Amino acid sequence: MSQYVCVPSSGARAGVAAVLALALGTSSPAAADVVPRDQPGDAVQTALNELVGGGRFPGALAAVRERDGRVRDYTAGVGDLATRARVPVNGRVRIASNTKTFTAAVVLQLAGEGKVELDAPVEKYLPGLVRGNGNDGRLITVRQLLQHTSGMPEYGKAIPGTFFDSRHRYFEPRELLDLALKQKPLFAPGKGWSYSNTGYVLLGLLVQKVTGRPVGMAISDRILTPLGLGDTYWPVAGEQRIRGAHPRAYKSKTGRPGGEAVDVSEMDPSRGWAAGQLVSTPRDVNRFLSALLGGKLLKPAMLEQMKRTVSVPGVPQGWGYGLGLTKIPLSCGGLAWGHSGDAGGYLTRDGITEGGRSATVTATAESLTAAEAEQLDAALDTALCAGK
């Protein structure tokens, strides 16, 4: 799988916008509660401690945001295996495929403005671009790209060598698309479901064509700045280091359990682009989800479209995928809406309940087993359900 392919596992489950921030109930970092790492009886802290206790995840961090804006921060383990420094509270991480929800929100804003038709073919916006080996943009709709039902092949499978071979390589978006077009479609458009980073690269190109601005700038202008998400940013071309406080990221050199943990914090994120390039923090992701599902970013009709799901093969009953958004059944009853994202050394799960509690959990190593993926999903479920 590509480093940015993230589907639900089979486990449990600044200055602009001061007024808007108040309306959203957002809290400043100073108002957040940092939960002591040895806090007895705190289910979320216990879940994070268990994540790092097995030795496969060096560190973990999380934030839980209540509907009224109250925030609790959590950390566990170490943020740097070399120095043994603690995980920074609300540290920045690469959120990988959680970027898709931001990209989808921009596309749906454009749809709400009458600039994009969800059921129009991609050809209408990117004429002649999707051609080759049976791939045809005249047959693929914008909705199908958003919902992973386009049948577009995955470009990550055509990148030569391993992650380490191209870790510092810059990829142009068109280059990623060309890698995908070397392959045949996975199925006829609308006749199946398969997670597709390629589809979101096409959506990024569509946003640029429609707005006349880089996709990262569109996301910043339409989402990050209005919501005051000052810790979230789109890395500029060639930027490999993460700005500000962050836990180091690790990945197994061999790709197998027990392999040497290599620090991969510095890497070129362009391979993810509109499918996975953003850097953010748990608090900022929670605030984004609260604004999105609270109707602050999309018109009601567009939010309804976003939450209209299709079933996803290989996951438990009740899970579904909408337009850049995953429906997640909770152990405590009800649903959450969120996403997941895995990129060289960071694994992030997030969600918001129907009652308005949001949570984001990140572990700082690549997940290599189904059991570890289930454990991470369970930590998110605990964060969303604790105290109910």
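In this predicted model, helix α3 is largely enclosed by the rest of the structure, because 13 of its 14 residues are buried. Buried here means under 20% relative accessible area. The helix spans residues 99–112 and reaches 20 Å from its first C-alpha to its last, close to the 20 Å expected at 1.5 Å a residue. After α3 comes G114, which has a positive phi near 80°.

The helix also matters for the count of the nonpolar core. The largest such core has 109 residues, and F102, V142, L146, I223 and F288 are those with the most contacts inside it. Helix α3 supplies the largest share of this core, eight residues. What does L146 touch, leaving aside residues up to four places away in sequence? Its contacts are A104, V107, L118, Y200, L203, Y321, G322, L323 and G324.

Strand β13 pairs with two strands. Strand β12 (residues 335–343) runs antiparallel to β13 and is joined to it by eight bridges; within this pairing, G341 has T348 as its bridge partner. The β12–β13 hairpin has two residues between the strands, and G345 takes a positive phi near 100° there. Strand β14 (residues 358–363) is also antiparallel to β13, with six bridges between them, and R349 stands opposite V361. In this second hairpin four residues separate β13 from β14, and G356 in the turn has a positive phi of about 100°.

Methods: Residues are numbered from 1 along each chain as its sequence is written. This is a predicted model: local features need pLDDT of at least 70, side-chain atom pairs count only at pLDDT 80 or more; totals for chains, interfaces and linings use all residues. Side-chain values use heavy atoms; hydrogens and water are left out. A nonpolar core is a set of buried Ala, Val, Leu, Ile, Met, Phe, Trp, Tyr and Cys residues joined through side-chain atoms within 4.5 Å. Buried means under 20% relative accessible area, exposed over 50%, partly exposed in between (1.4 Å probe, protein chains only). Contact means heavy atoms within 4.5 Å. The expected span of a helix is 1.5 Å times one less than its number of residues. Two strands pair if DSSP finds at least two bridges between them.
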